[in-house]
Amino acid sequence: RQHKLTSAVIATQFFHITRLRILLKQQGVNVVGHVHGHYFELRDAYSLAREVVALSVILLQNLDGIANE
């Protein structure tokens, strides 16, 4: 919002894309595309688990916001 962005292309690791799309949409930014590396490393398993927790937090925050409306 600060920079008045209306659209974005995401370039990040594959496990960040879903969360980033959600967060950008919440800010009114339309994601018009995304790219990520086409490889998987063992440490990505930890990162993927961390993303599941982060997505759960976002979901709970959204549900809480809906309940308070």
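A residue is called buried under 20% relative accessible area, exposed over 50% and partly exposed in between, with a 1.4 Å probe and protein chains only. By that scale Phe40, at 51% relative accessibility, counts as exposed. The model is predicted, so local features need pLDDT of at least 70 and side-chain atom pairs count only at pLDDT 80 or more, whereas totals for chains, interfaces and linings use all residues. Residues are numbered from 1 along each chain as its sequence is written, and side-chain values use heavy atoms, with hydrogens and water left out.

A search of the whole structure finds two aromatic pairs, where rings of Phe, Tyr and Trp (its six-membered ring) pair if their centres lie within 6.5 Å, and planes under 30 degrees apart count as stacked, over 60 as edge-to-face and the rest as tilted.

| Pair | Centre distance | Plane angle | Class |
|---|---|---|---|
| Phe14 and Phe15 | 5.2 Å | 80 degrees | edge-to-face |
| Phe14 and Phe40 | 5.9 Å | 45 degrees | tilted |

Phe14 lies in the loop between strand 1 (7-11) and helix 1 (17-26) and Phe40 in the loop between strand 2 (30-35) and helix 2 (43-67), so their pair ties together parts that are 26 residues apart in sequence; helices (H or I, at least four residues) and strands (E, at least two) are DSSP runs, numbered from the N terminus. Phe14 is partly exposed at 28% relative accessible area, while Phe15 is buried at 6%, and Phe14, Phe15 and Phe40 form one aromatic cluster.
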